[in-house]
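Reader: I would like to know how the labels put on a protein structure are decided. Could we go through some of them one at a time?

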Amino acid sequence: MTWLERYFFNPSFFQKCLAFALLPLSFLYTLVAILNTKLRSKIDFKVPIISVGNLSFGGNGKTPLCKAISREFEGVFVVLRGYKRQSKGLILVKHQNQILCEVDKSGDEAMEYAFCKSVEGVIVSEDRIKGIKEALKLGAKLILLDDAFSKFHIKKFDILLEGKPLPYFNFTLPSGAYRLPLYFKKKADFIAKEGEDFYRHSFVKENVKAILVTAIAKPYRLNEHFDKVRACYFFNDHYSFKKEELENLLKKHHCHTLMLTFKDYVKIKNFGFKCEIIELNVELSEKFKKLLKAYVRSFDALS
């Protein structure tokens with residue numbers, strides 16, 4: 001775990017003291033967050049919009065779940081902020097099976113969606129309203145919002161992911177890992193639980209001539225694959241890899257292959273390295289599928 005992960009999920013005595021010392025800032029943060037959810041009037045686009053989000057800081061598997069949902073429908077567009085991208089404003093990343101920009105402009109998560117065959121279009125935009133309007137202009141039949149639970153001004157079906165492990169304290173940032181107070185869970189239309197509503201699977205072959213390199217929020221999710229390689233290296237979430245540093249790591253361990261997730265791969269695909277992709281897949285329960293399809297069908301009666 002990084003220092004920040006330990007602080008939020010398994011704090012030392014000093015980190016606990018720091019969390020309590022920062023409570024006044026958490027109170028102010030909570031106040032601003034609550035006001036931000038109440039000061040904007042709700043917009044109804046009259047189309048099915050499904051949001052997958054979470055209350056806490058850190059990766060909880062929103063992207064794999066969104067990809068699994070997209071496989072159940074046609075005409076799916078994904079709209080997301082494009083975290084850590086080196087661009088601003090609205091950018092069309094994918095349309096009609098064509099990828100229209102590089103990963104530095106889209107961000108790694110958006111590019112991962114762009115390679116997903118069941119996703120017809122991908123748009124990054126800090127302003128989700130603009131992103132939704134652009135998707136509708138391009139013929140979207142269903143819009144998936146990645147990490148938009150807090151956007152209560154958009155009428156949508158809110159799926160809330162509960163990550164594991166849970167944060168140590170039930171505080172909001174910076175004293176705890178929550179971005180909104182816990183009682184906001186009641187605003188979710190559905191709380192998706194791993195092992196009950198969806199199932200996560202990952203697979204990759206053993207390769208003793210490979211090193212595992214990843215820049216995902218919770219690398220311990222890959223722990224079943226750690227002993228399949230010669231060495232493992234973990235970088236900060238959304239880290240932009242440099243070709244030279246990866247070359248040096250391969251030389252250090254006398255290896256010729258990088259083992260990594262697809263989210264990592266999209267950032268180094270042009271570096272020319274031999275790669276093995278860790279397949280990360282999510283399977284939805286039948287109950288979950290029926291719920292989503294019932295929501296989407298409810299718009300047929302309105303058309």
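Author: K84 counts as exposed at 52% relative accessibility, because exposed means over 50%. K84 is found in the loop between β2 and β3. Note that the model is predicted.

Reader: What makes the phi of K84 worth a remark?

Author: Phi of K84 is near 65 degrees, which is a positive value in a residue other than glycine. K46 is another case, with phi near 60 degrees. K46 lies in the loop between α3 (23–38) and β1 (49–54).

Reader: Why is K46 called exposed?

Author: The relative accessible area of K46 is 58%. Exposed begins over 50%, so K46 is exposed.

Reader: R85 is in the loop between β2 (76–80) and β3 (91–95). Is R85 buried or exposed, and how do you know?

Author: Buried means under 20% relative accessible area. R85 has 10% relative accessibility, so R85 counts as buried.

Reader: Which residues does R85 touch, leaving out those up to four places away in sequence?

Author: R85 touches I91, D104, K105, S106, G107, V124, S125 and E126.

Reader: What makes the approach of R85 to E126 a polar contact?

Author: The limit for a pair of N or O atoms is 3.5 Å, with one able to donate a hydrogen and the other to accept it. The side chains of R85 and E126 make such a contact at 3.1 Å. The side chain of R85 also reaches the backbone oxygen of R81, at 3.0 Å.

Reader: Where is G131, and why is G131 called buried?

Author: G131 is in helix α7 (residues 128–137). The relative accessible area of G131 is 0%, so G131 is buried, the cut-off being under 20%. Not counting residues up to four places away in sequence, G131 touches V79, L90, I123 and S125. The C-alpha atoms of G131 and R81 are separated by 9.1 Å, and the two residues are 50 residues apart along the chain.

Reader: How many aromatic pairs are there by the rule for rings?

Author: The count comes to 19 aromatic pairs. W3 and Y7 form one that is stacked, with 5.4 Å centre to centre and 10 degrees between the planes.

Reader: Why is the pair of W3 and Y7 called stacked?

Author: Ring centres must lie within 6.5 Å to pair, and planes under 30 degrees apart count as stacked. The values for W3 and Y7 are 5.4 Å and 10 degrees, so the pair is stacked by that rule. W3 and Y7 are four residues apart in helix α1 (residues 3–9), so about one helical turn separates them.

Reader: How do W3 and Y7 come to have their labels for accessibility?

Author: W3, at 41% relative accessibility, counts as partly exposed. Y7 is buried, with a relative accessible area of 4%. The reason is that buried means under 20%, exposed over 50%, and partly exposed in between.

Reader: What makes the pair of F157 and Y295 tilted?

Author: F157 and Y295 have 40 degrees between the planes and 5.1 Å centre to centre. Under 30 degrees would be stacked and over 60 edge-to-face, so 40 degrees falls among the rest, called tilted. The pair links distant parts of the chain, F157 in strand β7 (residues 157–161) and Y295 in helix α10 (residues 286–297), 138 residues apart. F157 counts as buried at 10% relative accessibility, and Y295 counts as buried at 14%.

Reader: Which residues form an aromatic cluster?

Author: F20, Y168, F169 and F171 form one aromatic cluster.

Reader: How do you know that the charged end of K187 sits over the ring of F152?

Author: The charged end of K187 is 5.3 Å from the centre of that ring. The rule asks for a distance within 6 Å and an angle within 35 degrees of the ring normal, and K187 is listed as sitting over the ring of F152.

Reader: Why is the chain called as compact as a globular protein of its length?

Author: The chain has ten helices and 13 strands. Its radius of gyration is 20 Å, close to the 19 Å that the globule rule gives for 303 residues, so the chain is as compact as a globular protein of that length. Of the 303 residues, 50% count as buried.

Terms used
Residues are numbered from 1 along each chain as its sequence is written. This is a predicted model: local features need pLDDT of at least 70, side-chain atom pairs count only at pLDDT 80 or more; totals for chains, interfaces and linings use all residues. Side-chain values use heavy atoms; hydrogens and water are left out. Rings of Phe, Tyr and Trp (its six-membered ring) pair if their centres lie within 6.5 Å; planes under 30 degrees apart count as stacked, over 60 as edge-to-face and the rest as tilted. Helices (H or I, at least four residues) and strands (E, at least two) are DSSP runs, numbered from the N terminus. Buried means under 20% relative accessible area, exposed over 50%, partly exposed in between (1.4 Å probe, protein chains only). The radius of gyration is taken over C-alpha atoms; the globule rule is 2.2 Å times the number of residues to the power 0.38. Contact means heavy atoms within 4.5 Å.
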